[in-house]
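Please open the model in your viewer and keep the selection panel at hand. The stops below go from a sheet to the helices beside it and then to the ligand.

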Amino acid sequence: MNVLSTPFGSLKLRRWPSTTDRSLRAWDAADELLIKHVHESIDLESLATGRLLICNDAHGALSCALHSFAPTSWSDSLLALTALKRNWKSNNLPGEPKRLESTNLPVGPLDVVLIKVPKTLALLDDQLAQIRPLLHPNSVVVATCMLKYLNNSSFALFEKHIGAVQTSLAVKKSRLLFSTVEQSAATSVPAHPSSQASKYPDRYTDQDLDLSLLNYANVFCRDHVDIGSRLFIENMHMLPQSSDVLDLACGNGILGLCVQRSQPQAKVTFVDESYHAIASARENYASMFSGEDVEAKTSFLIGDGLEDIESLSLDLIVCNPPFHIQHALTADTTLAFIKAASRCLRYDGQLWIVANKNLPYQYTLKRYFKKLNIKAQNRRFAVYCASDPKVGSAD
Ligand SMILES: C[S@@+](CC[C@H](N)C(=O)[O-])C[C@H]1O[C@@H](n2cnc3c(N)ncnc32)[C@H](O)[C@@H]1O
């Protein structure tokens, strides 16, 4: 736990999920810069409740610091919203934080919008398009970002949706963007805004795999099939026939959908920590398997890996795991997935995982499973099959 000192008071903050990398904190210089700017230049004292929106707060630093102004925290990440809840509670802040999932729209009018520029520009595009009808001519829109993640495309999106952009001086390798609401953009404020302005979700078709997939803005590989996923799908004929299958970290559901297509008898469950991912997987399932008894055949879980999955409940787990959390590269998530997979699989169950060959997963796969085979590979990726989970090793 680290202490963040702000002009509004000090906070003890932890990342969630916790990490073994001690260099990673629950906030960065861009958060600090924004909090300082709010204190010095924005009058939040006279703000009516519900008029402050914070977007993409990674671990709750912004929302906790500004807690007395009743912010709503809007995010696509269950983990980020969980971090906010935990940090709010551990700092004994009053009541509960207001957390809004990315698949729901904020309610306007909004007086102040604070944005941590997200990793995926499509998400920024989507959020700005949805926020714009909720602004009035005097709304204040300020974004913050570490310089290394800021590029011309981010500026262009603010100009496209909100209005002219000015920047602050750089401080500790971070910068603020101020976007002035264009008068023509800020017309009347609809009570129930529609998301028509956003071009997401959109869709791509892959002729070779005979797939047409819908993708909400923050989905991994939103406009094409990932190289690793493709290698996996091309080799799915080797998968064992299974009853209970999990697509772990499902994104738009591509792996689980292909398993379901080749194994109609299987009950396939989809899990991801991104609300956009689960919404995409759900819609893709409905359009690929229309007429099926969807409720009996599948479920869609927003969750942290296998945390909500029962022990010994699965025959097969398919996974193209994440290798970063937001901007930070980490193997921690996948290593936790492998350990939890050995708990959730039945004695003859199998974990199939596709990964870049440079990533250090083999040691952990061997630690929790008695057998490990490479089923397919190309120059960069391998499809691993781990079987015979070691009973009790997940303790
Ligand atoms: C490399 S993408 C794979 C997506 C999809 N399976 C595919 O092959 O295109 C990894 C996915 O992991 C999800 N993710 C990251 N951390 C997670 C966690 N702790 N629990 C569940 N999903 C997670 C991300 O949201 C992302 O959708």
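Two strands pair if DSSP finds at least two bridges between them, where strands (E, at least two residues) and helices (H or I, at least four) are DSSP runs numbered from the N terminus. This is a predicted model, in which local features need pLDDT of at least 70 and side-chain atom pairs count only at pLDDT 80 or more, while totals for chains, interfaces and linings use all residues. Residues are numbered from 1 along each chain as its sequence is written.

Begin with the open sheet of seven strands, whose order is E5-E4-E3-E6-E7-E9-E8 and whose pairing is mixed. At its edges, each pairing on one side only, are strand E5 (98-101) and strand E8 (165-167).

Next select residues 110-116, strand E6, together with residues 135-146, strand E7: the two run parallel and are joined by six bridges. Ile115 has Ala143 in E7 as its bridge partner.

Then select helix H3 (residues 78-90), which lies across strand E4 (72-75) and E5 and runs at about 155° to E4.

Finally, select the ligand and the 20 residues around it, of which Ser229, Ala249, Gly251, Asn320 and Pro322 come nearest; a residue belongs here if its C-beta atom, placed from the backbone, lies within 6 Å. Helix H7 (254-262) and strand E13 (267-272) are the elements that give two or more residues to this shell.

Methods:
Two residues are in contact if their C-beta atoms, placed from the backbone, lie within 7 Å. Axes are lines fitted to C-alpha atoms, for helices over the stretch in contact, and angles run from 0 to 180 degrees between N-to-C directions.
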